[in-house]
Every structure is written in C-alpha cells, then in structure tokens.
Amino acid sequence: MQFHHHGYVSADPRVLPAEGLGVDRADELPDEMDVLIVGSGPAGMLLAAQMSQYPHISTRIIEKRDGRLVLGQADGIQPRSVETFQAFGFAERITAEAYNIGWMNFWGPNPENPREIVRTSRTADYAYDICEFPHLIVNQARVLDYFAEAAADGPGRIRPDYGVEFTGLTVHEHGEYPVEVQVRHLAGDRAGEERTIRAKYVVGCDGARSGVREAIGRTHVGGISAHAWGVMDVLVNTDFPDWRTKCAINSAAGNILHIPREGGYLSRMYIDLGEVAADDDHRVRQTPIEEIIRRANEILFPYAIDVKQVAWHSVYEVGHRVTDGFDDVIDGSGRTPHVFLTGDACHTHSAKAGQGMNVSMQDGFNLGWKLGSVLSGLAPEALLATYGAERRPVAQQLIDFDKEWSSLMARKPEEISDPNELATYYLATAEFPSGFMTQYTASMITGSDAHQSLAGGFPLGKRFKSAEVVRVGDGNVVHLGHHAQADGRFRVYAFGDRTGAGLDAWAEAAAPVFARFTPTDADTDAVFDVKAIYQQPYEELEVTTAPPLFQPQTGPLGLTDWEKVYAAGPSKWCETDIFAARELSRDGVVVLVRPDQYVAAILPLDAVDELASHLEGLLLPAS
C-alpha cells in the first residue's frame, strides 16, 4: 500500500485526502449534479465508491430507506468479487469475517433405504483451482458497509442521502443537465416535500421493481417458473454432519441447497416447496416458516434440525428476466445515453447460483470508470454506449446458466440417472459462477486479437489474471495485479524482451503517447499506471537504471515511485515465472488493461504506433 506521496501521513492511510467537491461536501441534496445514483444496493454502492475517486464530478446517491441496510438477502461472494474488493482496498478485512467455502458436498437417497439421505460425494470448491481468491459467504449488508466506507473515505467523500425516494424522471434533448428527476423526502426536516432535481446522468440501482426502469420505458423479458422455494437464515442444533459445509441435498421429499454463513453458527437453507399450481396466484409466498422448517426436516431425514432462531426467511418463485435495454436510448436514435440500469433493475434470476450481487457489482464497476472518464474529459460520450453493449450479453449468459442450474437443483430422484451429475456440473462450469467467464468483444475499448498469441494467458476482453513477480525496489514477492486500485486509471503491463533493451526502447517511444492523453497539470501516471516486468531475475536488476517512464515522480513533492519495476525471472524468492505461467512471448509484449481490470489490448513492443491508434479511438487528447 502506497501513501506519504502527498506528505507524511500518521492517521489511517485508507482515508484519502479530500479533494474537489469532497473538501466541502454539501449536506443537502443539491438541485443539480453530474451523476445521480438511485438506490444503495451492491451496484449503487460500488458505483458511489468508484465515483468518489473523481472528486471534481458531482455525484449523489439517494436511498428511500432511512439508513444502512441491516439484513441483506444476498450472501454469496464469488472469487471475481473478492478480486474487485481487492481493488477497493477491503478484500483482506471482509475475508477475515466471512465464511470461506472450501468444500461442496452432495447428498442423495440411500439405495438401501430411499427415504433416508446419504453423502454421495465430497468435492473441493472451485475457487483456488481458478485463482488466488476465495469463494465467500457474507451478509450483503456488510458488503455495502465496506463500499460505503470506501465512498466516504475517497477524495469525493460521497455518502448516501437516506430517506429520499425516486418518483419519476424525464429526459430532455438539450441542456447541461438534461435529466429532470422527481424525488420525495421521507425523513428529516424536509419529510413530505416533493422536489425536482436535475442531473447529467442517472443510474437506476433500485432493484427488481425499479422505478427508473419504468420511467424510461424499459421492460423485463422473461417469466416465473412454476416452482417455489423457501429460504431461511437459521441458528439450529442438529445431528446433520455437514452443517458447516455447503451441500446440495436431493431426497424423495425434495431438495435443499444448504449454505453455512459467516460467524460459525448461522446457516442459510433453500428448501424445495415443489411445483406451484397454475391458479396459485402467488399464494405459495404465504407459506409459514413452520411449514418450511417441517419440509426441511422431511428432506434431511434421518437427520433433523432443531431451530433456535430464524434471523430471516422468505418464499419465492424462480424468475428469469433480463431487461430489453440497459439504458434510455432506443436503437437508431443516434444520441448517447443519459440513464442507465444496473443489477436487479435489469436482470433477475434465482438466488441459488449465488450470482445476483456479484453480477450487479460488475455492472457498477463497468459503468463507473466510463462515467468518470467522460465527465472528467478523458473520453468521448460515445464510451457510455458500451455499457449496455457489454453488460446485456453477460446478463443473458447469467439467465441461461441459472435456468440450467435451477433445473438441476429441482429434480426428483427418479429423474437423476447419475448421482454425480450435479457435482460434475458444479465443477465443469466453475469459471462462470466464479465470475471469470465474462469476455468483452471488440469495441472502441477492446482491440483486435491479432497479437493474442503473444499473451495466451491474458485472453483479450477477459479479466487480467494476476501472477506473482518480484518487486525490484524491495525484493518482495507480490501479485502483479493486486497493485491495481479502483482509481479509474488504465494499467499498462510492459513485459520485457530477453535482454530488456527492447523494453527500455519501448518506454522511450511510448512515453510521449501516454503524455498526449494525460492532463498537463496532473501526475505523469494519473491516467496510465505503467509497470515494467523484466525477464531477468531480481538479483540482476537495479530499479534506478529503468527508464523515466518506470520511475515517475509524482505528488506535490515530486517523489519517485519505486513500485513500477518488477522481475519475472525465477529465484529463491519467487518460483513463478509469469512469462511461462501466462504464456507470454519471450520477445516481449504490452498488455493494456481497463480500469475495471479487463484486458483491452495486446501489442508487441515495436507497435507503439498501434498503441497510439488504439488510445486515439478510446480517449480524447488532454487539454
């Protein structure tokens, strides 16, 4: 973690100095703003944390609740989300309080007595086979708390405006603040007051019953399946041996997805309530908790649970819907969007795949840096159209996956020919639920795959997969990707040729290209965080001999950054050779990574003109 570059810091270094509008943030919701976020769910709070890194952009977040979320319904945290938490600075802290899913066990009918269940397989969870981050369970409310902290401690000092309800909006064709928004104050001195505010951009993070979605005329496409599930967070005593292990349980009486929760005692159970009659009219949602518990015990036989406390419970029918558009632009209109939808406002599905909160956060991560880049003058408005183009296909993939997973979970024993089929599917599809299947296609952001062979382990359009290297300045072994913070900057990883001479020549040629898109009054690495990775072992390198591009002097004191130069050569400090691990060309390669950690371009060291051309299609020349 780097700090002191603006002067000596003795307090918590995670609390960044306030800048811009964060220095004297208005307590009252203003009449005009650049970005209005509606809803403080996972997408909204991540977006607020990201926008806090742009303190000169006026951003507010409104929430009709009168305070923080106390009890969240979502709890599954996939490895990609933990990687995202790393970028926002709280992965280690939230991991310490979460439940780490190490195993997924499967139970089925006992062949000798089908009324009873027996364990059919023990399966190690997929997380550490895919990446260095764990698969966690933690209350959604705590996730929101951490993002709220990041937003409040960022330079923009963004805090939710609680007790403010969105009631409608109108998008005008012209004007500096073209989105006219109607809100109602529900709490405080202004309770009951209705008013109109204006924004350049509005983001609907307001859930499955989104008022923002309704206001822009977008509709959910899809339906509800004729199958109901009860879900409960419970504290129990039990003789079921896998109570602290994630389990998929199939029995003659129905199915359970059992997920231990954080804290060592709490667990969540999704209990199969069976098919729903066509004329049910949602009456199944009134199923009492006593009946849900009875069904759970029937499925678990010969084991039983003695429920001591129910922290929360609900009944739902599985729905699979994706919105017909993720912004307010009707195809062919020719204008750029001003209203966006994220999370449940644009895609809903079952909870059993553990995807809702995770995909919602990636919606916010995708949109945040784009809004920040456009509003700060770094990129053209056309960049905003890529949000819907990139995220809607991801949502559709999620719906398709969840339909398959939900169908498998709801089967009856007589419909299962292979008792290991569910376990096999769980592991075979692990890359998707872990969050690493997303791959953005060619656009103004993602370049040509003509040079993909130079970096086979960094697929174009997929998230940058980190690996260990040695930091030359201090000899520490670190994960190369973990240095990337959610600060809106592009990452440029320049992997050297065999001697390093080609990398040094690239740095000299590329420096003016990066300067072309960096404001003259900003640090030289304010837009592009450029890292050098030499093939040589750490012992053979001196950081002070690297080109100036890799030794920028930043901050008001002009201090040299010693953390831009890395060694890939294996040594007693680091067994990993990132060139071998990520299939990198020994002739060198440059990997450009977006602020949300996805690979945008792969280029040889001698393609500086091609690098310049790619950036010209994405960014605006700096003033």
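Hi everyone, let me open with a question: is R68 buried, exposed or partly exposed? R68 is partly exposed, because its relative accessible area of 40% falls between the 20% and 50% cut-offs. Please keep in mind that this is a predicted model.

Let's stay with R68 for a moment. Its side chain meets that of D145 in a salt bridge, at 2.7 Å from N to O. D145 sits in helix α5, residues 140–153, while R68 belongs to the loop between β2 (59–63) and β3 (76–77), so this pair ties together parts that lie 77 residues apart in sequence.

Now for the nonpolar side of things. The largest nonpolar core holds 140 residues, and those with the most contacts inside it are F147, W506, F514, F528 and F550. Helix α8, residues 356–375, supplies the largest share of this core, with eight residues.

And what does F528 touch, leaving aside neighbours within four places in sequence? F528 is in contact with F490, V492, F514, F517, T518, L615 and L619. There is also a second, separate core of 24 residues, with V234, V236, M269 and V276 among them.

Key:
Residues numbered from 1 in each chain as written. Predicted model: local features only at pLDDT ≥ 70, side-chain atom pairs only at ≥ 80, totals over all residues. Heavy atoms only, no water. Core = buried A, V, L, I, M, F, W, Y, C linked by side-chain atoms within 4.5 Å. Buried < 20%, exposed > 50% of the residue type's maximum accessible area, 1.4 Å probe, protein only. Helix = DSSP H or I, 4+ residues; strand = E, 2+ residues; numbered from the N terminus. Contact = heavy atoms within 4.5 Å. Salt bridge = Lys/Arg side-chain N within 4 Å of Asp/Glu carboxyl O.
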